[in-house]
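Here is a brief report on a nonpolar surface patch, the cores and the salt bridges.

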Amino acid sequence: MGCSAQELSFVDGPQIISVTPKDQGATIGFLAPKKTATSPEILEYEIQCSVPGAINMGVAVFILEDVDDLSADIYGLENGMDYSCNMVARGATDGLLPRAINSPNSNPTPIFSPSKSGSATIYVKTPEKAAPEQKPQQEEETATSVPPTNPEQANSNIVLPKAPSIKDMEVNANGNVEIIFGLPAGEESSPIKNFIVACQNNGDSTIARQTMVPAGSTSAVVEGLTPGEYTCSVAASTADGIGASATRMISVDAPSKAPEQTETAQEDAVEKQDGSEQPDQKSAGIIPTVSAVIISVLAILLI
């Protein structure tokens, strides 16, 4: 008997980690599905947003074709309405007649409301690790021989990354903050996939920026911050969720302006310019005068 090809399938769906409401839309941050030997290549992501509890309202559908970008901008939503979104990864089988394959649905975003001024990023809360139950010795020995069937019991074994260490922070002239950080201590968690770096204004919670860098990175730049006091954070994310975050405050000042030129300095510059041109003009007038005198003397001698 011949060996049949292994069926391609997703083992899980994308994992939504944050949503940032904007004017008539939002930006959704997420993690890609786990990659296995039988996972199909991701061709696109489909995002669906709806108003919770509104039966008569339709569902807004968005397609993200840049599968390497772990954030999706959605638009066309109504300001002031509450929305929740989820997403799936879409792939296809190999061969002459490929068949579409969808991943399981992601977790939903927290409920958010678009507004003209936007608002702060809302992060998905990762369930806290459940404390192990104390059982008699005999029950423990029995339990070790049987895999747990209760999902909550299985999730209690999840260990999320510890907080990275923020080593340095610098602000450049454009208001961008560069954060240099160290990797989390310990290796108890699943492999790190990304680092989520965010800065939020301490005086105005609607002013917030975030970025995401891949595993192995030790620095990230958060762009577009206006002057003010900010609390910046760095957290590692794995396939199981987002770990503890390290935070540090930083002050972003207004960009420095070049000193304005005074009227005296402008007049000095004009005088220098006039003085530099004046010798050329005088020289131009002296040359024809001397030539005329020489010609006159030669004419007298010849007579």
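Helices (H or I, at least four residues) and strands (E, at least two) are DSSP runs, numbered from the N terminus. The model is predicted: local features need pLDDT of at least 70, side-chain atom pairs count only at pLDDT 80 or more, and totals for chains, interfaces and linings use all residues. Residues are numbered from 1 along each chain as its sequence is written, and side-chain values use heavy atoms, leaving out hydrogens and water.

Val59 sits in the loop between strand 3 (44–50) and strand 4 (60–64). Its relative accessibility is 48%, so Val59 counts as partly exposed (buried is under 20% relative accessible area, exposed over 50%, partly exposed in between; 1.4 Å probe, protein chains only).

The largest nonpolar core has 24 residues. Such a core joins buried Ala, Val, Leu, Ile, Met, Phe, Trp, Tyr and Cys residues through side-chain atoms within 4.5 Å. Ile28, Phe30, Tyr45, Ile47, Ile74, Cys85 and Phe112 touch the most other members. A second, separate core of 19 residues includes Val197, Leu225, Val234 and Ala236.

The structure holds three salt bridges (a side-chain nitrogen of Lys or Arg within 4 Å of a carboxyl oxygen of Asp or Glu).

| Pair | Closest N to O |
|---|---|
| Lys22–Asp73 | 3.4 Å |
| Arg90–Glu44 | 3.2 Å |

Lys22 lies in strand 1 and Asp73 in strand 5, 51 residues apart. Glu44, Glu46 and Arg90 form a network of salt bridges. Arg90 is partly exposed, at 27% relative accessible area. Glu46, at 17%, counts as buried.
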